[in-house]
Amino acid sequence: MTDSTKPTFVGKLAPRASFWTNNKGTLIGGGILVALMLVIPFTASSSMMNIVVFAMIFALPAIGLNLLMGLAGQVSLGQAAFFAIGAYTHAIMLTKLDLPGPVAAAIGVAAAMLVALLVGLPLMRLRGHYLALATLGLGFIVMIAVREWDVTGRTTGIYGIPRPTVFGIPIDNSGFFLWFITPFVVIGLVLALNLTRSRAGRALSAVNDSELAAESLGVNTYALRLKVFVLSAGFAALGGVFYAYQVAIVSPTTAEFHLSVSILLMVVIGGLGSVWGAVAGAFLVQFLGEGMREVIPAIFPGATGEVQLLGYGIVLILVILLLPGGLYQATITLWRKLPFARNRRAADAHATAAEDDTTIPQLPAVSTPVAAGEPILVISGLTKRYGGVVAVNDVSLTVPAGTILGLIGPNGAGKTTCFNMISGALTPTAGTVTFLGQVISGKKPHVAASHGLTRTFQNLQVFTSTDVVGNVYMGRYRKGRAGVLRGMLGLQAHEQGAHRAASYEILKSMRLTDAADDSASALPFGKQRMMEVCRALAAEPALLLLDEPMAGLSGHERDVMAELLRRLRTAGLTIVLVEHDVAQVMSLADHVAVLDDGVLIAHGDPETVRNDPAVVVAYLGTDLDEAEAELNELEEHA
Ligand code: ATP
């Protein structure tokens, strides 16, 4: 994904507040939308009504695509396929089976969601732009299928779709239709907005920031992406259902590629990651299409057919170049520049800091499922080969619960590869990793996380689309239960509030509360590293893998970190620590394991390892003077 299509800032983790405060924007925005839709039929011309009705119809697939692209970061070029499946299935159910409207509509939506599930099952395992290519292919398959199939009426399509009736009133004019569709668009909008703020929504955007980090915190990224793909298809199909009602004909134009492009344009113009942006984008594209149909033939006399597509292409390029965050981002930037908004942000920051100062810092909770000294992690014959390179060679180790194991070795010794195999980020070529009696090697990182193993990363994996407390909140993912459905229905405010409070408490243990509401991407490197440790601790792990936690930290920050690790060990947490600061490792660890060239050359208490000649020579090189100096330094530190 290029930067220009990277979703916009998903947002701050909203404080626990009243229903009104948390939902003010949705309620005001929804109220204005409903009021407009009530009034428009009395004031608008018939061409304007046409634009508004189609904008409301296409707002539904645009909201769905926005969830997929803006939240999950998956580009789809086949939204028209699901739109068409919804429209055609609905039309067939009504005209050929005489089913009642709501049943036919439900079958139309379900059919599209089923196709999305079947297509998504293999596709969601792929990375990069494969989904875009595959959905493009799906769009063509659906387009050709409806043209060639008798049931779908081939090129003529399906005619005579009956108008819906509500309490016996036929919805037979545009005004009634607008009132008919508005509640569905508003409900769809509220469900989508709720989802973006929910545990599942925040997890989706975390996956988009760093799939590895999200997985390591227990997010089943595959299942979550699949769910949002199916959901997105459902939104598209509902749009198709309303389209069939409004036009009373379903023809192959509903499945054409340019429809997918215009839905994509709605999302990009509105702003990726903004549900309101998708609705605004739907209106803009309808107006734009209407304008282009008049302007383009004036510039290019004789231009006929879908001439507005030329304008769509130009606008798409201009938006990506000039307004990569779309209208939503432009509005937010403008709003933040207003003196009123600036003052309020400053006041909010002050209020948060003042509240934090009054509370006593506590140690994050620790999970201790086995008695101290019992084996918690058993590594047996662990090996990783990359062609001729043996990064880790037949390493066997046992880590007793409630201890700190320091894993050291020179650059390229295989420490990170070892970590990656333990946490599930890499599949071993040979050997097993057993954690709490369960073999976890070769399984995805979220499996290890679900057993209570969490890690940090040598190359930081920050969730840049949210703030610092939002990052730590993601560490609580495993502790929460609300899924996509509960998130959409907004039934998790209590759970979210509790986890937000817990996240603040954990930030206190690292003296990071002042930065809690800052954007995570703006944090200095050292603080980002400390934030990652807080995020890992938020999961209340039984085993914590720390990959170079001291790198980039100031002297004071190192002391805070070392003190925290000691206290955590005392509380019963097991820690495996990869660190280049050998002196720190020797002073912190109960046991030290030394890797050299992928081979475990020493394992024992710090004193034994420090004096092991194999370690001195292999770890420090063959330069004996250097070895002497380093040994002396270690002696002094001890
Ligand atoms: P450092 O302290 O510098 O981070 P390390 O001890 O963590 O080093 P690893 O990153 O695990 O070492 O690398 C171990 C060896 O495996 C190195 O020789 C490295 O070049 C090699 N290696 C790691 N990943 C790959 C890969 N994807 N393909 C080929 N070789 C790799």
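Select H11 (275–299): this helix gives the largest share of the lining of the second largest pocket, 5 residues. Helices here are DSSP runs of H or I of at least four residues, strands are runs of E of at least two, and both are numbered from the N terminus. A pocket is an open set of points on a 1 Å grid over the protein atoms alone, with protein on both sides within 12 Å along at least five of seven lines; a cavity is a set where a 1.4 Å probe fits but cannot get out, and lining residues have an atom within 4 Å of a point.

The model is predicted: local features need pLDDT of at least 70 and side-chain atom pairs pLDDT 80 or more, while totals for chains, interfaces and linings use all residues. Residues are numbered from 1 along each chain as its sequence is written, and side-chain values use heavy atoms, without hydrogens or water.

Next, show Phe54, Phe58, Tyr243, Leu259 and Arg293, the nearest to the pocket centre among 23 lining residues. The pocket volume is about 520 Å³, a volume being the space filled by probe spheres set on the points, which are joined across faces, edges and corners. H2 (46–71), H9 (221–247), H10 (257–270) and H12 (308–322) also each supply at least two lining residues. The lining divides into 11 nonpolar, 9 polar and 3 charged residues. Ala, Val, Leu, Ile, Met, Phe, Trp, Tyr, Cys and Pro count as nonpolar, Asp, Glu, Lys and Arg as charged, and the others, Gly among them, as polar.

Now select H2 and H9. Their axes come within 7 Å and cross at roughly 170°, axes being lines fitted to C-alpha atoms over the stretch in contact, with angles from 0 to 180 degrees between N-to-C directions. H2 and H9 are therefore roughly antiparallel, the word for angles over 145 degrees. Residues in contact (heavy atoms within 4.5 Å) include Phe54 and Phe58 in H2, and Phe242 and Tyr243 in H9. This contact holds 19 nonpolar, 4 polar and no charged residues.

Select residues 48–68, one of the spans that an unreviewed UniProt entry annotates as "transmembrane region"; such annotations may be inferred rather than shown by experiment. The span is 100% helix, with its end C-alpha atoms 30 Å apart.

Finally, turn to the second largest cavity, with about 60 Å³ of space. Arg202, Ser205, Ala206, Thr466 and Met474 are closest to its centre, out of 10 lining residues. H7 (199–209) and H17 (468–475) each give two or more, and H7 gives the most, with 4.

Definitions and conventions: Angles under 35 degrees count as roughly parallel, over 145 as roughly antiparallel, 65 to 115 as roughly perpendicular and the rest as oblique.
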